[in-house]
Amino acid sequence: MNIRPVETKKDLAEFIELPYRLYRSDPVWVPPLRSDQWNQFDPKTNPMLDHCEYTLFLLQNERGTIGRISAFIDRLAVKSWGEPIGLFGSFECIADDAAARMLLDAAQAWLGARGMRVMRGPWSFASQEWGLVVEGFEPPPVIMAPYNPPRYNDHLEKFGLSKIKDLLVYYVDSKEGYKIPERYLRLTNRIQEKLKVTVRSMDMRNLEKEVATFVRLANRSIADNWGFYPVTEEEGKAIARDMKPVVDPKLLLFAEDAKGEAIGFAMALPDVNSLLKGLDGRLFPFGWAKLLFGLPRLRQFRMWALGVIPEYHGQAVDALMYRKLYEILARRDVRLEINYVLEDNYPMNNAVKNLGAKPLRRYRVYQKSI
């Protein structure tokens, strides 16, 4: 076996194609669009790379590529965390402990040579794709959520990586009889009357302004959350660009105070993964039609983001936005996955449980001193 960095477009094609080969017979994995994967590793289309120093490694033997990994230093993250923490991700490997160790060794050596004292991951070049699944390997992952076989956790632990944080996933499903609890209806009625808070959907005619509002709220509302570092305006624009073809504007919400100032946001995304199954990551020749006709009929969604600025923490503004989402989605007989909630974010976990959501999945982020 030999390991080497990605240096050419052909190398990058090998890097991107590996999961499609490894998971070809996996009934749970959903092949992401190949075009999205290429965009993720292109500085022209992924502004996150503007503040990252990174490398990609391929592991090969006489039969071809058998593993891959990324190692990177996000300057915004290092500055925000105040610690020399480097990141690794895009980890894929055959079932071989020696192969996995070679990949992780390469990432660790690269980070250590650049002054990092800790390696953390898996961490993606895409927004909020962190960790490995440790519980709840089924059903298939939703849009923008990672997937891995159970053995990947064994590979990381054998290398000396250990848990630094777990991320929890919940769900509600109207086909299982879910209804928003009556007490939440009463609570949100009182909140609206007391605080004069209103909730509106995003105005797609003023998308640039709305995206700027989202970035500002995101950076203020979750600044104290573990793993947070600022979202740049360019990243916000890229997220909006990537989501625009599939997003339902009615499910992108802003909460506003009595003066009309935005104080919170909530975003639910159609789970297009349920439509990508069987397309092998390609929209052509027939995949585009499946998306076009399938999107209006989708009943699966992901609660992708929710935040409230600190001045309104603990005042149930998040419950008010959840109610609005529920009222929009309830007409569609839907399943909603709430993804992610930090394991030690006790107010949010309690709120989600009180809403009647059920535990579904657990992701784990690992860390190791270098």
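A polar contact is a pair of N or O atoms within 3.5 Å; within protein, one atom must be able to donate a hydrogen and the other to accept it, and residues adjacent in sequence count only if both atoms are side-chain atoms. This is a predicted model, in which local features need pLDDT of at least 70 and side-chain atom pairs count only at pLDDT 80 or more, while totals for chains, interfaces and linings use all residues. Residues are numbered from 1 along each chain as its sequence is written, and side-chain values use heavy atoms, with hydrogens and water left out.

**Stop 1: K165**

Select K165, in strand β7 (residues 162–173); helices (H or I, at least four residues) and strands (E, at least two) are DSSP runs, numbered from the N terminus. Its side chain makes a polar contact of 2.6 Å with the side chain of D344. K165 has a relative accessible area of 9% and is therefore buried (buried means under 20% relative accessible area, exposed over 50%, partly exposed in between, with a 1.4 Å probe and protein chains only). Now show what surrounds K165: setting aside neighbours within four places in sequence, it is in contact with W226, L342, E343, D344, Y363, R364 and V365, where contact means heavy atoms within 4.5 Å.

**Stop 2: D166 and R362**

Move to D166, whose side chain forms a salt bridge with that of R362 (2.9 Å, N to O). A salt bridge is a side-chain nitrogen of Lys or Arg within 4 Å of a carboxyl oxygen of Asp or Glu. D166 lies in β7 and R362 in strand β13 (residues 358–369), so the pair ties together parts that are 196 residues apart in sequence. D166 is buried at 0% relative accessible area, whereas R362 is partly exposed at 22%. The whole structure holds 27 salt bridges.

**Stop 3: two further salt bridges**

Select R220 and E311, whose closest N and O atoms are 2.6 Å apart in a salt bridge. R220 belongs to helix α7 (residues 207–221) and E311 to the loop between β11 (300–308) and α11 (317–329), so this pair ties together parts 91 residues apart in sequence. Both ends are partly exposed, R220 at 36% and E311 at 48%.

Next, select K237 and E234, a salt bridge with closest N and O atoms 3.6 Å apart. Both residues lie in helix α8 (residues 233–243), three residues apart, about one turn of the helix.

**Stop 4: strand β3**

Colour β3 (residues 64–74), where ten of the eleven residues are buried. Strand β2 (residues 52–61) pairs with β3 in the antiparallel sense over ten bridges; two strands pair if DSSP finds at least two bridges between them. The two strands form a hairpin with two residues between them. Select Y54 to find F72 of β3 opposite. Strand β4 (residues 85–93) also runs antiparallel to β3, joined by five bridges, and there S70 stands opposite G89.

**Stop 5: G112**

Go to G112 in helix α4 (residues 97–113), which is partly exposed at 24% relative accessibility. Beyond neighbours within four places in sequence, G112 is in contact with R117 and I370.
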